[in-house]
Number of protein chains: 2
Amino acid sequence: MQRYFTDEKLSIGEIFKASADDTHHMKNVMRFRPGDAFHMVDGSRDTFLCEITSAGETVECRPLELVEEAPELPVDLTVYCPLLKGEKFDWMIQKATELGAHAFSIYDADRSIVKLDEKKRRKRIERYMKIIREASEQSRRQHIPEIGFVPAVKELSLDAFDHVLFAYEGNASNPAASLNETLQALSGGDRIAFIFGPEGGFSEAETEALSSHNSIRLGPRILRAETAPLYALSAISATFE
Amino acid sequence: MQRYFTDEKLSIGEIFKASADDTHHMKNVMRFRPGDAFHMVDGSRDTFLCEITSAGETVECRPLELVEEAPELPVDLTVYCPLLKGEKFDWMIQKATELGAHAFSIYDADRSIVKLDEKKRRKRIERYMKIIREASEQSRRQHIPEIGFVPAVKELSLDAFDHVLFAYEGNASNPAASLNETLQALSGGDRIAFIFGPEGGFSEAETEALSSHNSIRLGPRILRAETAPLYALSAISATFE
């Protein structure tokens with residue numbers, strides 16, 4: 001079933017107009033006609049089965065019934081990750097969206113290979129939001145993850161999170177816990193910041209800045225930067241869902 | 001530490017010659033000189049710290065000590081997956097190798113989009129083995145997964161496996177179990193065949209052919225074909241490692 005998102009609050013029986021983007025998609029991609037059905041997730045993250053009532057210049061739709069579903073992870077996990085080379089970041093956010101990430105924060109890593117000026121960053125966010133939106137629709141999410149640029153590790157504001165974890169093999173003063181152990185300490189609704197390093201790993205200064213947080217080992221193999229967030233999200237889903 | 005693989009059995013102190021491919025890599029990519037060190041996994045899946053003893057026309061090396069490591073998943077999981085469009089199959093096998101897959105079997109799905117003749121299949125296997133080998137080195141595996149083409153679902157020989165699972169939301173006659181529940185029934189050393197569908201999902205005939213096996217639900221979101229194997233492998237690693 002095709003899925004769209006709106007910020008509006010929908011009510012059963014109350015006709016609403018599709019947005020310009022959705023109108024284009026409904027008419028030119030899906031070739032919807034009156035009576036055709038789709039799912040629309042509204043501003044309260046409720047999913048409605050809707051039907052097209054008219055498909056002229058504007059497309060009008062009627063919510064028919066509420067759809068019972070629970071596609072969101074029971075914890076809100078924000079993926080902190082620097083930009084990665086080539087298409088790796090694109091597909092990491094696509095896959096992490098499928099796997100239930102709540103948000104993405106792109107931080108400035110000491111060993112980041114990719115650096116962008118303000119103008120390029122704005123263009124990137126537009127492109128990333130398109131990838132995330134499509135992945136949210138395809139995987140049938142009720143929440144579209146947000147994405148934005150944040151400062152370097154030592155300047156991050158992490159006080160709003162219940163848990164701050166970082167993917168690192170650990171050292172003598174901060175031995176890494178297994179992810180499985182760590183997951184046992186999480187409760188539904190918890191907000192988690194999970195910080196992943198760039199291709200070259202965290203710098204010593206970053207490891208030092210993160211030393212008050214929990215370093216987490218993601219299995220005995222060396223995962224590429226773009227694979228680590230997918231491992232963490234999959235493990236969380238398999239444990240809680 | 002750079003890692004290579006050999007089928008030979010190595011012994012501490014006994015000098016051996018690097019293969020033609022490794023010689024090229026050691027001399028022209030790594031620019032190794034006598035005294036430089038690397039890891040070599042031998043035919044018994046033991047990892048040795050080795051040093052270069054001479055780097056002339058042929059490169060000679062000496063195993064110095066055995067490296068204690070356990071980078072393999074405690075269960076052998078073979079990923080059954082049809083070919084996928086574009087680069088999706090390439091990166092699935094790269095990531096699944098990082099995540100510990102034991103082997104890959106490419107089956108002929110009813111809804112497979114990609115079909116190849118015998119000659120193209122041989123070329124593909126060569127290319128896939130290169131991806132798998134590089135991912136095995138990079139992720140520090142001791143085992144290089146094998147990959148090959150196998151027949152359609154209803155003709156698969158699965159008797160050698162301890163568990164046959166398939167990723168499917170289930171139906172009334174064969175309701176899907178959660179992966180987590182299923183993992184509790186696994187023991188170290190078990191051989192698992194995990195069958196994943198193509199982009200369009202299993203056909204009815206395939207679901208029928210698989211009905212005597214365990215259908216497994218991979219969380220409440222709809223994962224793309226190339227994401228599902230990574231979810232399963234990550235969950236197994238997080239549970240057992």
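K9 of chain A is partly exposed, with a relative accessible area of 49%; here, buried means under 20% relative accessible area, exposed over 50%, and partly exposed in between, for a 1.4 Å probe and protein chains only. Its partner is D42(A), and the two side chains meet in a salt bridge of 2.9 Å, N to O. By salt bridge I mean a side-chain nitrogen of Lys or Arg within 4 Å of a carboxyl oxygen of Asp or Glu. The pair links distant parts of the chain, 33 residues apart: K9(A) sits in the loop between strand 1 (3-5) and strand 2 (16-17), and D42(A) in the loop between strand 3 (37-41) and strand 4 (47-55).

A word on the source. This is a predicted model, in which local features need pLDDT of at least 70 and side-chain atom pairs count only at pLDDT 80 or more, while totals for chains, interfaces and linings use all residues. Residues are numbered from 1 along each chain as its sequence is written, chains are lettered from A and ligands numbered from 1 in the order in which they are written, and side-chain values use heavy atoms, leaving out hydrogens and water.

The second pair is R127(A) and D90(A), whose side chains meet in a salt bridge of 2.4 Å, N to O. R127(A) lies in helix 3 (residues 118-138) and D90(A) in helix 2 (residues 88-98), so this pair ties together parts of chain A that are 37 residues apart in sequence. Helices (H or I, at least four residues) and strands (E, at least two) are DSSP runs, numbered from the N terminus. R127(A) is partly exposed at 37%, whereas D90(A) is buried at 16%.

Next, the contact between chains. E98(B) forms a salt bridge with R224(A), with the closest N and O atoms 3.4 Å apart. Because E98(B) lies in helix 2 (residues 88-98) of chain B and R224(A) in the loop between strand 14 (214-217) and helix 6 (228-240) of chain A, the pair joins two chains. E98(B) is buried, at 0% relative accessibility. A network of salt bridges also links K95(A), E98(A), R224(B) and E226(B).

Finally, the wider setting. Over all chains, a search of the whole structure finds 26 salt bridges. Chain A itself has six helices and 14 strands, and buried residues account for 51% of its 241 residues.
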